[in-house]
Amino acid sequence: VDSEGVEVETLLTRTDATEGERMGLLDRQVRIYAWQLADRYPPEVVWVEQPSGRHRALQLTYATGVVQAAVFETLRCPVFTVPSSAWKRRTVGQGNATKAQVRAWVDALGADVRNQDEADAVCISLAGRAMVRAGSWEAAA
């Protein structure tokens, strides 16, 4: 929270598994990944993007819950979800910012990101830090 630096890393999980088996693999991979990064990036709080969009993607919602639980169980720190409209409002300045606007905002920061997911992660981390600094854990605040 005191640092101005932000780094993002991507954990790719690819599998042909489905349903419960897929969620179990995701749980194990996230736990291992979180444990490996904990020494280098000791967290005070973790923010996970809340699934959103026009169409309900139940598997994405389930995966978000798995990620939250795995991170909490591994790191023992608070884990919150933040809607995309909230992190976009706190960073880019408008809750309905497009992917291109988010990427342009992150590029203007000089952040080294390889793709849109990493650009989103930079914004989520900066929005989370702003919430912590403001003493407001409510994403919509």
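Q: Contact means heavy atoms within what distance?
A: Two residues are in contact when heavy atoms lie within 4.5 Å. You are looking at a predicted model, where local features need pLDDT of at least 70, side-chain atom pairs count only at pLDDT 80 or more, and totals for chains, interfaces and linings use all residues. The contact cut-off to keep in mind is 4.5 Å.

Q: Which elements do the buried residues of α3 pack against?
A: Helices (H or I, at least four residues) and strands (E, at least two) are DSSP runs, numbered from the N terminus. Helix α3 spans residues 84-91, and its buried residues (under 20% relative accessible area; exposed is over 50%, partly exposed in between, with a 1.4 Å probe and protein chains only) are Ser84, Ala86, Trp87, Lys88 and Thr91. They pack against β1 (46-50), β2 (79-83), α4 (99-109) and α5 (116-134).

Q: Is serine 84 buried or exposed?
A: Serine 84 sits in helix α3. Leaving aside residues up to four places away in sequence, serine 84 touches Glu49, Ser52 and Gly95. Because its relative accessible area is 12%, serine 84 is buried.

Q: How many disulfides does the structure hold?
A: A disulfide is counted when a pair of cysteine sulfur atoms lies within 2.5 Å. Cysteine 77 is buried at 4% relative accessibility, and cysteine 123 is buried at 0%. The number of disulfides in the structure is zero.

Q: Is valine 6 buried, partly exposed or exposed?
A: Valine 6 lies in the segment before α1 (19-37). Not counting residues up to four places away in sequence, valine 6 touches Val122, Ser125, Leu126 and Arg129. Because its relative accessibility is 33%, valine 6 counts as partly exposed.

Q: What distance separates the C-alpha atoms of valine 6 and asparagine 115?
A: Along the chain, valine 6 and asparagine 115 are 109 residues apart. In the model, their C-alpha atoms are separated by 15 Å.

Note on methods. Residues are numbered from 1 along each chain as its sequence is written. Side-chain values use heavy atoms; hydrogens and water are left out.
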